[in-house]
Amino acid sequence: MSPPRPIELTAPDILRWAQGNTGTPYVWSFDSGRKGSHVMVQALTHGNEICGALALDWLLTQQDHWQVPQGRLTVAFGNIEAFARWDPQDPDRSRYADEDFNRVWADEALLGARDSIELRRARELRPFVDAADLLLDLHSMHEPCKPLMVCGATGRGGEKGAALARRLAVPEVLLIDTGHPAGLRMIERGGFGDPASARTALLIECGQHWERGAEAVAMDTLLRFLGHSGALPAAFVRQHLQRVGRVPPARQQLVRVTEAVVARHPDFRFVREFKGLQVLAKAGEPIATDGGATVCAPYDQTVLVMPSSVHMKVGTTMVRLGRIET
Ligand SMILES: [Zn+2]
């Protein structure tokens with residue numbers, strides 16, 4: 001077991017945004033009345049990932065200081081029911097209420113008969129997600145790890161996501177993955193997952209959930225994304241990027257996930273503690289045991305992406321394995 005992580009961030013009071021201005025609770029939309037992209041930013045897809053909520057709370061408090069120059073900007077707090085259970089004494093409890101909100105975005109789930117707290121909220125947000133040309137979903141990670149941009153899945157939008165992340169010039173590590181067998185993410189829904197569509201979605205993992213630095217990463221990424229998409233005035237973006245003070249990396253690196261390691265048995269265990277983005281030098285190095293089988297590094301220089309056993313359940317992705325692409 002990894003040690004409990006200190007809670008350095010204070011969750012924002014987002015109750016003041018509950019009313020929204022769209023008819024949907026916690027969804028705010030600002031239409032310039034001019035042609036341009038519909039840009040959407042979301043936080044609290046996972047209720048315990050508060051850095052993104054801090055960034056969007058800040059953005060909304062600043063509404064007197066910016067106007068959308070073109071197109072439309074939508075700001076949404078995702079899994080608000082889970083976030084309502086936030087308790088710094090038990091910070092993992094508020095990740096979701098019934099199920100992972102980031103696995104319910106396929107039509108089969110959204111338009112199906114099944115019910116859950118997360119499906120109800122996803123059904124409320126679907127019209128906004130489906131109308132967005134550009135989407136940024138703000139997340140954080142359970143284990144300490146460099147920030148990384150999840151650009152989408154190989155052949156299903158990951159390449160155009162990576163191209164957009166390169167134009168943003170942040171963060172250092174870009175990830176193209178294989179998705180999750182447990183269900184479709186918001187960034188893969190509809191045109192976002194279609195390489196032929198111009199619609200593009202990104203998911204930023206800002207660092208460890210509750211470390212102070214995650215808030216600055218969320219702010220920095222949000223500002224760059226909204227500046228680049230034209231949803232915020234350039235001068236406003238410049239001023240606040242300067243205040244946040246993060247310097248973009250000298251170069252970016254792409255990690256391409258080749259496989260997701262999904263727990264098949266309740267006795268799934270990592271053979272030792274691994275760090276996020278840790279590289280295993282040699283093929284065959286053991287990673288985990290699962291129901292009598294051993295999961296090993298498939299090739300030299302295997303990158304371990306977000307290893308975590310805290311939400312261990314059969315069918316859950318425990319770690320993803322990838323290669324650095326140059
Ligand atoms: Zn998350």
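Trainee: What do the numbering and the confidence limits rest on?

Mentor: Residues are numbered from 1 along each chain as its sequence is written, and side-chain values use heavy atoms, without hydrogens and water. The model is predicted: local features need pLDDT of at least 70, side-chain atom pairs count only at pLDDT 80 or more, and totals for chains, interfaces and linings use all residues.

Trainee: Why is α1 called oblique to α6?

Mentor: Helices here are DSSP runs of H or I with at least four residues, strands are runs of E with at least two, and both are numbered from the N terminus. The axes of α1 (residues 50-61) and α6 (residues 212-229) come within 8 Å and cross at roughly 50°. Axes are lines fitted to C-alpha atoms, for helices over the stretch in contact, with angles from 0 to 180 degrees between N-to-C directions. Under 35 degrees counts as roughly parallel, over 145 as roughly antiparallel, 65 to 115 as roughly perpendicular, and the rest as oblique. Therefore α1 is oblique to α6.

Trainee: What makes α5 roughly perpendicular to α6?

Mentor: The axis of α5 (residues 158-168) comes within 10 Å of that of α6, and the two cross at roughly 100°. That value makes α5 roughly perpendicular to α6.

Trainee: Which residues of α5 and α6 meet?

Mentor: Leu164, Arg167 and Leu168 in α5 meet Arg224, Phe225 and His228 in α6, where contact means heavy atoms within 4.5 Å.

Trainee: Why does Gln67 count as exposed?

Mentor: Exposed means over 50% relative accessible area, buried under 20%, and partly exposed in between, with a 1.4 Å probe and protein chains only. Gln67 has 65% relative accessibility, so Gln67 counts as exposed. Gln67 is placed in the loop between α1 and β3 (72-77).

Trainee: How many residues of β5 are buried?

Mentor: Six of the six residues in β5 (residues 148-153) are buried, and the strand is mostly covered.

Trainee: How do you know that β5 and β6 pair?

Mentor: Two strands pair if DSSP finds at least two bridges between them. β5 and β6 (residues 173-177) have four bridges, in the parallel sense. Ala153 stands opposite Asp177 in β6.

Trainee: What makes β1 and β10 stand at the edges?

Mentor: The open sheet has 11 strands in the order β1-β3-β2-β4-β7-β5-β6-β8-β14-β13-β10, with mixed pairing. β1 (27-31) and β10 (279-280) each have a single partner strand, so one side of each is left without a neighbour in the sheet.
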